[in-house]
Amino acid sequence: MTTKSEAAKSRTLKYNDGATQFRQRLITSILSHRPLLLRNIRSDDLDAPGLREHEASFLRLLDRMTNGTKIEINATGTQLRFKPGVLLGGDIEHDCPIGGSGRSVGWFLEGIFPLAAFGKEPLQLTLNGVTDGTSDIDPSVDYLSSSFIPLLIKFGIGVDDDHPPPVLKVTKRGAAPMGGGSVDFYCPIVKELNPIDFVDFGKVKRVRGTAVSCRIPPSSAARVAHA
């Protein structure tokens, strides 16, 4: 006869390649209600082994979005045990780390989008930190607003009369590395997603861009936009 502890171990998602696909594996754990075990998180990095500051911050954000989540990290930060709780949603404000070890709010939003619609109530999330200046490693908020938000609507999120559609809005710009920006993300809940047929993207009618400037004269952005 299989005991509860043995059954839990058999259901655990185990990975030995460290922080590879860190957010995606946490998303899978929460949506499938299966525990997660990550080993060898930068164990070969003698100077700075273990989780980075932005990864620990993402774990804290998931903990606030859920109820009953248990997180265990060993002393060196090279092993993580994650037991997912129940997604709640609601009003949440989170400060994303800035500086050399931080990542932009776009990195955090990428990990939140797949979870946002499956809480107990609509998610109203405010993220504070870097909004611009890291497009070489993280997606910008403007890119996510014009690409991911329409995709969420195509999946049937926010198409009924009970809740408005998902919205991603920059309330204050903050350039790297100092940050100081703020982003509001709203997402209603759904019971299930609609299937989509998204193989023909149609004609490209125009190409648009966004010029952003922080702590410099506004004329600089205007010159870029009209160049």
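Guide: Two strands are taken to pair if DSSP finds at least two bridges between them. Helices (H or I, at least four residues) and strands (E, at least two) are DSSP runs, numbered from the N terminus. The model is a predicted one, in which local features need pLDDT of at least 70 and side-chain atom pairs count only at pLDDT 80 or more, while totals for chains, interfaces and linings use all residues. Residues are numbered from 1 along each chain as its sequence is written, and side-chain values use heavy atoms, with hydrogens and water left out.

The open sheet comprises 4 strands in the order β7-β8-β10-β9, and its pairing is mixed. At its edges stand β7 (90-95) and β9 (167-172), each of which pairs on one side only. From one strand to the next, the twist averages 15 degrees; axes here are lines fitted to C-alpha atoms, for helices over the stretch in contact, and angles run from 0 to 180 degrees between N-to-C directions.

Helix α3 (residues 53-65) lies across β7 and β8, and runs at about 165 degrees to β7. Contact means heavy atoms within 4.5 Å.
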